Amino acid sequence: MSTETQAVDRIEQAERFRALHEGPSPLLLANAWDAGSARLLASLGFSALATTSSGFAASLGRLDGTSCNDEALANAAAIVAAAGDVPVSADLENGFGDDPAVVRATLLGALSVGLVGCSVEDYTGRPDDPIYDRKLAAERVAAAVSIGHRGPVRMVVCARAENHLHGRADLADTIARLQAYQEAGADVLYAPGITRLEDIRQVVDSVGLPVNVLARPGVPPVDELAKAGVRRISVGGAFAFAALGAAAEAARELIEQGTYGYLEQSSVGLQGARAAFSTAPEKPAA
């Protein structure tokens, strides 16, 4: 495929991804952690994919927040290639640096690997001071937007308010942050960790952009979120950890019981892989 054709395809993907936030029902955004999971999820009918920082870190035998910029972008590039014509957004954590200039550089890298969306969070990565000052956080969102919106591929920039994942259950501050990020030019707003329907409704009613909700224990089902006005639902690392959980249960069964009940579930995975990977590119010639 020529460079010109790829550019046209990315422009179309970005437009399609943006339009999916305005459809008749919420966009279900599946988070892939490697090329295989991306190809599988795309084959199952998801209209868009995202990366997951926690799922990717787990694939490296590490915890969330330990990946560097180059690792995350290489993972995103592999997922973009595996996803084919399915749009891909990336979890870029905090942009891999405090300074807005670092966020801009990260967005340039994101564009270069074919991403058409991304999220940037206001979590600092420092447990003793976990959330950026609101003004700096908004400047960092504006920095992401300045790159994501400047070219023909208009990325969907999602701004994340991380209070509720880091012990700050302050809904008023979370809403004020999301409003500031809206003013900074974000396309989608996201406050992961909010689970109560009344709080989700309050967030939706307080902003004028599509709101993403993280599926986690206690979050209402999709139909209730749709009625509340939620436009996007993502799963974070849940699919990755579901896969790890299945592997752990299978291993424990074999070690502790000496039986093979896990083979029934593994056959489901094998069938899914065969269906998804049958159209995978052939191995390049040596």
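The 24 positive and 35 negative charges of the chain have mean positions that lie 2 Å apart. In this count Lys and Arg are positive and Asp and Glu negative, with His and the chain ends not counted; each charge is placed at NZ of Lys, CZ of Arg, CG of Asp or CD of Glu.

The structure is a predicted model, in which local features need pLDDT of at least 70 and side-chain atom pairs count only at pLDDT 80 or more, while totals for chains, interfaces and linings use all residues. Residues are numbered from 1 along each chain as its sequence is written, and side-chain values use heavy atoms, with hydrogens and water left out.

## Overall dimensions and fold

The chain contains 11 helices and eight strands (DSSP runs numbered from the N terminus: H or I of at least four residues for helices, E of at least two for strands). Its C-alpha trace spans about 55 × 50 × 40 Å along the principal axes. The radius of gyration of the chain is 19 Å, in agreement with the value near 19 Å for a compact globule of 286 residues; it is taken over C-alpha atoms, and the globule rule is 2.2 Å times the number of residues to the power 0.38.

Of the contacts in the chain with a separation of 6 or more, 66% join residues 24 or more positions apart (contact: heavy atoms within 4.5 Å). The accessible surface amounts to about 13,700 Å², and carbon and sulfur atoms contribute 56% of that area (Shrake-Rupley method, 1.4 Å probe; for residues, only the protein chains shown count as cover).

## Burial and nonpolar cores

Of the 286 residues, 47% count as buried. Relative accessible area under 20% is termed buried, over 50% exposed, and in between partly exposed (1.4 Å probe, protein chains only).

The largest nonpolar core has 56 residues, among which L49, L92, L107, L115, L178, Y181 and L225 touch the most other members (a core is a set of buried Ala, Val, Leu, Ile, Met, Phe, Trp, Tyr and Cys residues joined through side-chain atoms within 4.5 Å). With residues up to four places away in sequence excluded, L92 touches L73, T106, L107, A110, C118 and S119. A second core, separate and of 13 residues, includes A48, V153, C158 and Y190.

E93 belongs to the loop that runs between β3 (88–91) and α5 (100–112). Its phi is near 50°, a positive value in a residue other than glycine. E93 counts as buried because its relative accessibility is 10%.

F96 lies in the loop between β3 and α5, and its phi, near 65°, is positive in a residue other than glycine. For background, most residues other than glycine have a negative phi.

L20 sits in helix α1 (residues 3–20) and is partly exposed, since its relative accessible area is 22%. Not counting residues up to four places away in sequence, L20 touches L27, S47 and A48; A48 is one of the residues of the second core. L20 and G125 are 31 Å apart, C-alpha to C-alpha, across a sequence separation of 105 residues.

A138 is placed in helix α6 (residues 134–148). A relative accessibility of 15% is why A138 counts as buried. Apart from neighbours within four places in sequence, A138 is in contact with A180, Y181 and A184.

G218 lies in the loop between β7 (211–214) and α9 (222–227) and counts as exposed because its relative accessibility is 62%. G218 and A19, 199 residues apart in sequence, are 28 Å apart from C-alpha to C-alpha.

A275 belongs to helix α11 (residues 262–277). At 55% relative accessibility, A275 is classed as exposed. From A275 to I194 the C-alpha to C-alpha distance is 36 Å, and the two are 81 residues apart in sequence.
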